[in-house]
Amino acid sequence: MVTVDVKLHQDRAERDLPRPRLVIGGKDVTDGSGGAYEHRNPATGLIQAYVPLAGATEVDQAVAAARGAFEVWGRMRPAERRRLLTRFAGLIRDHIAEFAAICPLENGVCIGGWAENVGPHVAEWTEYYAGWADKIEGMVGAAYSPHENVEYTIAEPYGVIGHIITWNSPALSLAMKVPPSLAAGNTVVIKPAESTPFSALLFADLAHEAGIPEGVINVVTGLGDAGEALVSHPGIDKISFTGGPATARRIMATAAQSLKPVLFELGGKSANLLFADTDLDAVVPYCAAFAMSNTGQGCALPTRLLVERPIYEEVVQRVAGVVAHLPVGDPLDPATYIGPLINATARDRVQSMIDKAVSGGAGRLVHGGERIDSEGYFVTPTVFADVDNRSDLAQQEVFGPVLAITPFDTEDEAVALANDTEYGLSAYIQSRDIGRVNRLVPRLKAGTVYVNPGPNPISSPTTPFGGVGMSGFGREGGRAGLDEFINVKGVGVGRV
């Protein structure tokens, strides 16, 4: 039984959640043609807000506002954009506590872990791309006859970018997409998930306070029809989407009608290769706990642990011991590590996958598996060993606190197991042998590879993040993340 202080959640929701609304052209819209969404607190299951939903009408208004604002923002001196974005980043840093307070109420993120780091990461990403705003350059090419011809390039913004952000970490999704778009001179229409609109509203409020012109950032929370309207809108010049492959296919099919470019950051089934030369005292707690962070609701989390056979049984026992001591409960309690899932549908889906893995013999259950009696959306952290790498447990994204462990004997087998998936977002290596690391990194099918315990994969704005295969294409972070929102125009000037 998980105990949750219901009154505390109700009081915090009334105090800490931004007023539900849409933001279009700098104006608050409290009624949407898409109806209203009953937002339920993931820890209590109780309604805590009614969220207005955008339909095609509001999307059209938001796109028009963004196109009008582009005439101002896109023509603004880059140094002025840098100044405004820097001020925006400073305000985000001043409101770190507010971002943290929203997280447990919005999607059940634990206040004592993931949530307290959200604000600093959002500020860091915004500061990083603010610095790029006046450093975007073209280049002069080598003309056939330099005395008669000049060839050069101009780096231009696309225009209006449609951002469809994820629900599992909406503030970070905003930070990875919007600041580089704005730094490049674009304006944006943001569609948050109906279940997580509040981080985007705080983000938009702070942008307005920073002096970013009205209409540069628009927020149209909505369901699938709002997303369809955004993707198909002729006034949207590019779509950036974080979510699942099924939705990405629909977006791509719609965007294909006008050959609209897209950027996809999708799911993952990341393998974590653990070799016998590691310090198990340092590495095992990291491997066990990180896979369960944000209650397992992370696309890049190392949810498949591949262990070299000489240490396999010891690692399985240690992992089970670590997971057994991870506190499960109220996300407003600073001691809690694992909170609720986003909603009842997610809880039932994850529990069903666990039950199916047990009944189907996909692996040996070594911890968890039992159902939690609670009004909130909780699932027991669960560990399976001896997992069949072709099973659904190893191949499908669970998106819950479930870790699958499989042994291997050789480097070649470890790589084969790691790559035996449609996904290719991240991979992890735990080894003190730098020669081995250098051999394995090029062989792993992943957009990013992380070696030994370190920072969260998306904590650094300087490192490009993205996937291959079913994990999508395009990059967020670093110069590559800026280039996603820049059109390069070639110019050739001849002698008159």
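Buried means under 20% relative accessible area. The views below come from a predicted model.

**View 1. Phe 88 and Phe 203 form an edge-to-face pair.** At a relative accessible area of 1%, Phe 88 is buried because the value is under 20%. Phe 203, at 0% relative accessibility, is buried as well. The ring centres of Phe 88 and Phe 203 are 5.0 Å apart and the planes stand at 70°, so the pair counts as edge-to-face. Phe 88 belongs to helix α3 (residues 78–94) and Phe 203 to helix α7 (residues 198–210), so the pair ties together parts 115 residues apart in sequence.

**View 2. Phe 275 and Phe 408 form an edge-to-face pair.** Their ring centres lie 5.2 Å apart, with the planes at 70°. Phe 275 sits in the loop between β11 (271–274) and α10, and Phe 408 in strand β15 (residues 402–408). Both Phe 275 and Phe 408 are buried.

**View 3. The largest nonpolar core has 91 residues.** Residues with the most contacts inside this core include Leu 85, Phe 88, Ile 217 and Val 315. Helix α10 (residues 280–292) gives the most to the core, with 10 residues. Beyond its neighbours within four places in sequence, Leu 85 is in contact with residues including Trp 73, Ala 130 and Leu 182.

**View 4. The second largest pocket holds about 300 Å³ of space.** Its lining has 17 residues, and among those closest to the centre are Trp 114, Phe 290 and Asn 456. Helix α10 supplies the largest share of the lining, 4 residues. By class, the lining has 10 nonpolar, 7 polar and no charged residues.

**View 5. Tyr 286, Phe 290, Tyr 428 and Tyr 450 are linked into a cluster by ring pairs.** The structure holds 10 aromatic pairs.

Definitions and conventions
Residues are numbered from 1 along each chain as its sequence is written. This is a predicted model: local features need pLDDT of at least 70, side-chain atom pairs count only at pLDDT 80 or more; totals for chains, interfaces and linings use all residues. Side-chain values use heavy atoms; hydrogens and water are left out. A nonpolar core is a set of buried Ala, Val, Leu, Ile, Met, Phe, Trp, Tyr and Cys residues joined through side-chain atoms within 4.5 Å. Buried means under 20% relative accessible area, exposed over 50%, partly exposed in between (1.4 Å probe, protein chains only). Helices (H or I, at least four residues) and strands (E, at least two) are DSSP runs, numbered from the N terminus. Contact means heavy atoms within 4.5 Å. On a 1 Å grid over the protein atoms alone, a cavity is a set of points where a 1.4 Å probe fits but cannot get out, and a pocket is an open set with protein on both sides within 12 Å along at least five of seven lines; lining residues have an atom within 4 Å of a point. Grid points are joined across faces, edges and corners, and a volume is the space filled by probe spheres set on the points. Ala, Val, Leu, Ile, Met, Phe, Trp, Tyr, Cys and Pro count as nonpolar, Asp, Glu, Lys and Arg as charged, and the others, Gly among them, as polar. Rings of Phe, Tyr and Trp (its six-membered ring) pair if their centres lie within 6.5 Å; planes under 30 degrees apart count as stacked, over 60 as edge-to-face and the rest as tilted.
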